[in-house]
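Work through these exercises with the model open. Try each task before you read its solution.

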Amino acid sequence: MNDSTEKRRQRFEERQRRKEQALAEAEAAQHKTDLRYMRQALTQARKAYALGEVPIGCVIVYEDKVIGRGYNRRNTDKSTLSHAEITAMKKAAKYLDDWRLEGCTFYVTLEPCQMCSGAIIQARADRVVIGCMNPKAGCGGSVMNILEADGFNHKAKVTRGILEEECSRMLKDFFKSLRQKLKTEDKDEL
Ligand SMILES: [Zn+2]
């Protein structure tokens, strides 16, 4: 190998190394952003918890700004439609004055159900960031994957497992205290 070949090889490797470094930095920055917004989705979930609702929260981000927030209010509103994502979508659509949520990212503490996943795809949202998965009802890869299904005219990018522990612990705590409450009520009736 002569000198110039060796130099070209070195320059090529240096460019590759810089590209990989830039990619790693971009991924780290994205991860940090994802953590920040998932914490806000958890704040929404806490509002549901306070109402005695299954604690699920959602925020929608557009151009690094939260434009929609929502939390589960199914029992409070006596409505199937009162899922965190649907409430947040209504607010985001109002903010953008458009039903299309192109350029938006959904941050959800729990994997979306079939209704919400369908609505997210209908709204053409870019990306969905999921806290914990829902093996029995989730449609972002568990029961089925509506968010990334081939065949629809739109697909979302999906990131899973952001603050997974915190999101799942909040749900477990909720169901644990609900079971205790039901047990105490049973005893009171005896
Ligand atoms: Zn839902």
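**Exercise 1. Find which residues touch the most other members of the largest nonpolar core.**

Step 1. A nonpolar core is a set of buried Ala, Val, Leu, Ile, Met, Phe, Trp, Tyr and Cys residues joined through C-beta atoms within 7 Å. Buried means that 20 or more other C-beta atoms, placed from the backbone, lie within 10 Å of a residue's own.

Step 2. Pick out the residues. The largest core has 42 residues, and C58, I60, F106, Y107, V108, I120 and V128 touch the most other members.

Step 3. Trace the suppliers. Elements giving at least two residues each include α1 (3-50), β1 (57-62) and β3 (104-110). Helices (H or I, at least four residues) and strands (E, at least two) are DSSP runs, numbered from the N terminus.

The model is predicted: local features need pLDDT of at least 70, side-chain atom pairs count only at pLDDT 80 or more, and totals for chains, interfaces and linings use all residues. Residues are numbered from 1 along each chain as its sequence is written.

**Exercise 2. Explain why β1 is largely enclosed by the rest of the structure.**

Step 1. Count its buried residues. Five of the six are buried, so β1 is largely enclosed.

Step 2. Look for its partners. Two strands pair if DSSP finds at least two bridges between them. β1 pairs antiparallel with β2 (residues 65-71) over six bridges. With β3, β1 pairs antiparallel over five bridges.

Step 3. Follow C58. This residue stands opposite G70 in β2, and its bridge partner in β3 is V108.

Conventions: Buried ≥ 20, exposed ≤ 12 C-beta atoms within 10 Å, placed from the backbone.
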